[in-house]
Amino acid sequence: MTDKGGGRGRRLSKVGPYELCDKDNSHAWGHAKVTQVIGEAKQVQSGPKSPHSNHRAEIKQLKRRAKRRYDHGKRWNILKRADQPVIGHPPHSAGEPYKGLRARIDPNQIPSPVDAIEADKEAWESQMYMTLPGNIPPMSTTDFIAFDQGNSNPKYMRVSTWNIPNSAHLARECEIPLAVVVQPLADLDPREESVPLVDCGENGPPRCAQCRGYINPWCVWTAGGSRWRCNLCSHETEVSQDYFCNIDANFMRMDHADRPELNKGTVDFVASSEDYWAQPPLPKLTSTYFSTDLPSTTARKPRPMNYLFAFDVSFEAVESGLLKSACDTLLDILYGGEVTDGTPFNPYFPRGCGIGILTFDRTLHFYNLSSSLPQASLMVLADLDEIFVPLRDGMFVDPWESSMTSLREAGLGAALIAGLASLAGMGGHIVVFQSTMPTIGPGALDPLTDESRVYGTEKETTLFLPRDRFWRDVAEECAEEGIGVSLFLGMSKTVDIGSIGAVHDRLQSLLKVKYIPTLPLLRRRPPRTGSVDGELTHEFVIGRTVSADVRNYYARKILSMGVRSTMQHLYPRLLALHDLEDTIALPNETTGQIAFPSLMGNSHVYMEARGVYLIDNEEYMIFWVGSDVSRQVLYELFGVQDLLALNPNMTYLPVLDTRLSQQVHNILAYRYSQRGYTPQMLFARQNMDGMEIEFSDMLVEDQNNGAMSYLDYLCLVHKQINTAVTQGVSISGGPSLRGSPW
């Protein structure tokens, strides 16, 4: 077909109702990607028809891909028109320059992570994923629905590769790293079935007599159903009398359909037997605390958990605002409260659990919260060398029945020992709010010297190791007693996370670090159900040198993330807000469902000065406002008509009665529901606000953060592969991390 407009005819390719520009006149996604989709559609349409293939569905899916690539390319303006302002690289931290001559490569022709993410969404968000072997699971960034057919839902368990070597020799030759990420409490889609609860009686679930593996759908029944062969070690185990059932001609139990543990890859077993109770720790020659109670020698019966909240009350904690923010948040958790817009929320503290309060600076302060007292009483322990718990009754109470009501040093180690002594024999959880480096009492640390002197030397590894053995020892004792520890750190200077973080490493608990380099955090919000969640501000960066505390924090943060959160943290989601379609991110009038916009490439080359962009790395989200943004967009989104009137210190997006405001708030609400917490919201105006550096450093495809750009990196890898193929040399060049190209 031909277009007569503009005084020149244009040949257009057509896939269904969607017309795509040819190579010479394409202003959008690029001819190569468009014609690739068109070619696939023609190949499917003209190719041989399989009786089992869904021919119409394939054509329909390819049409959707063509439309998406055309529409998104048009919106992103990858090939800029002359009348549109093009932005340069925003202010950013220094990156690694490309060494040698750079090949002329069109950025639109390189592999795109966004392409893969969006294609996977199109493939799986409209159909159900069946967990039987044979299908590669959807990506973690896709909102898919899984049906458990005997293999676990990928949301609970995801491996680094879905093709496993079947021999030790093949595994050694491939050198493919094999890892499994297990997230047993992952959130499910409301349309997915819940995890079934299985009660196998007093004896508990059947387990292999040799490897202690649990009964599962892939075990084989033998001897007429009186034995079962373990699929892990091939050992045959006798079936107990109360679990026995006859098998049919297919060697399946007659009650197979009624047994979730024989059909589902994920089940919850009721473990009422004493064999599953927590065993007492082995006796030790020395202990970190003193107690008048004899150590328990019997297994601990399950009971509701006790929580001990330990607050740093030093001058630093009070001055920074962390103490007030932590106390306000705890009150919200216990008794409910209101969010910033006045919406009330219910308490989140688990019913039946006990709570204890401990404060510390140079001394320890225990509180008797007994309901029989008119007000809480305070007991001070000044001797940090011989720590004991001065009370038992009133230490842990029901918050609904009890009355809850300036130094520069704080003994965190003493507080942990006091928490250990309080919860020994019962188990529980210690939640610590700390502002300063522990410089007194057990595990006291000396101030760090200039850490920049050891960068690039053999001593650099000492920044990531505890400087005192105490922190590992107390972590091991807490683990043996069944006590978890969560640390919320809000400091204005270094606290040596490499040392106190050893508690996290040994306990595998959740380490929360909060940086408050300038302003105290006074914003309150409802916490996530069943947990005490933290808020984070931006990292502390000096030039190209990142402090050891920040590096230690991120190492532990990523290890505690789920797969989806990890991917979205490493490759932040970038979204254009200034030209959303009228129907996107709004409920459909017929179905009521909401379609959300697609992402864009994480680089400044896809941005323009008239735009407004949102970037989100799961820790904080930043609104970037271009210098040439229209007054209409400013008014509809922020309620102002001039860029200078926009307040960059806002902590939330105003709610306005405009279509664009409703669209953006729907996008934010959807992301909040996905992660269960509210990240910090920041604003940056082009060439005006310092926060633009943080925004630019999140553009991971650009040259920043001491690394080269994505395009340069691919060129370097291609050069190394070509050298290895032609000259027969190694690609890696040695095991040194600092010698890596990135």
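In this predicted model, the buried face of helix 13 packs against strand 24 (612–616), strand 25 (620–625), helix 14 and strand 26 (680–685). The buried residues of helix 13 are V633, L634, E636, L637 and F638. After the helix comes G639, with a positive phi near 80°.

**Helix 13 against helix 14**

Helix 13 spans residues 631–638, and helix 14 spans residues 659–675. Their axes lie 7 Å apart and pack at an angle of about 55°. Helix 13 is therefore oblique to helix 14. The crossing is right-handed. On the helix 13 side, V633, E636 and L637 make the contact; on the helix 14 side, L660, S661 and V664 do. Sorted by class, the contact holds four nonpolar, one polar and one charged residues.

V633, E636 and L637 of helix 13 touch helix 14, and V633, E636 and L637 are also listed among the buried residues of helix 13.

**The nonpolar cores**

Nonpolar side chains tend to be buried together in soluble globular proteins. Here the largest nonpolar core has 46 residues. Those with the most contacts inside it are L358, L364, F366, L416, V432 and W471. Helix 7 (residues 412–423) supplies the largest share of this core, nine residues.

What does V432 touch, not counting residues up to four places away in sequence? The list is A310, F360, L412, L416, S486, L487 and F488. One of these partners, L416, is itself among the residues with the most contacts inside the core.

**Helix 7 against helix 8**

Helix 8 covers residues 470–480. Its axis comes within 11 Å of that of helix 7, and the two cross at roughly 15°. Helix 7 is therefore roughly parallel to helix 8. The crossing is left-handed.

Helix 7 contributes L412, G413, L416, I417 and L420 to the contact. Helix 8 contributes F470, W471, V474, E477 and C478. By class, these residues divide into eight nonpolar, one polar and one charged. L416 and W471 take part in this contact, and L416 and W471 are also among the core residues with the most contacts.

**Helix 11 against helix 12**

Helix 11 (residues 548–559) and helix 12 (residues 563–570) have axes that come within 9 Å. They cross at roughly 140°. Oblique is the resulting class for helix 11 relative to helix 12. Y554, K557 and I558 of helix 11 meet T566, H569 and L570 of helix 12. The class count for this contact is three nonpolar, two polar and one charged residues.

**Residues in loops**

| Residue | Relative accessible area | Class |
|---|---|---|
| S140 | 14% | buried |
| S226 | 24% | partly exposed |
| R212 | 44% | partly exposed |
| F251 | 55% | exposed |

S140 sits in the loop between strand 3 (128–130) and strand 4 (145–147). Is S140 buried or exposed? S140 counts as buried because its relative accessible area is 14%, and buried means under 20%. Leaving aside neighbours within four places in sequence, its contacts are R158, V563, R564 and M567. Helix 12 runs over residues 563–570.

S226 lies in the loop between strand 8 (220–222) and strand 9 (227–229). With sequence neighbours within four places set aside, S226 is in contact with T237, E238, V239 and F244. S226 and Y243 are 17 residues apart in sequence, while their C-alpha atoms are 9.3 Å apart in space.

Two residues have a positive phi without being glycine. R212 is one, at about 65°. The loop between strand 7 (197–198) and strand 8 holds R212. F251 is another, with phi of about 60°. F251 falls in the loop between strand 10 (236–238) and strand 11 (268–269). Why does F251 count as exposed? Its relative accessibility is 55%, and exposed means over 50%.

Key
Residues numbered from 1 in each chain as written. Predicted model: local features only at pLDDT ≥ 70, side-chain atom pairs only at ≥ 80, totals over all residues. Heavy atoms only, no water. Axes fitted to C-alpha atoms, helices over the stretch in contact; angles between N-to-C directions. Helix = DSSP H or I, 4+ residues; strand = E, 2+ residues; numbered from the N terminus. Parallel < 35°, antiparallel > 145°, perpendicular 65-115°, else oblique. Left-handed = near helix turned anticlockwise from the far one by under 90°. Contact = heavy atoms within 4.5 Å. Nonpolar A, V, L, I, M, F, W, Y, C, P; charged D, E, K, R; others polar. Core = buried A, V, L, I, M, F, W, Y, C linked by side-chain atoms within 4.5 Å. Buried < 20%, exposed > 50% of the residue type's maximum accessible area, 1.4 Å probe, protein only.
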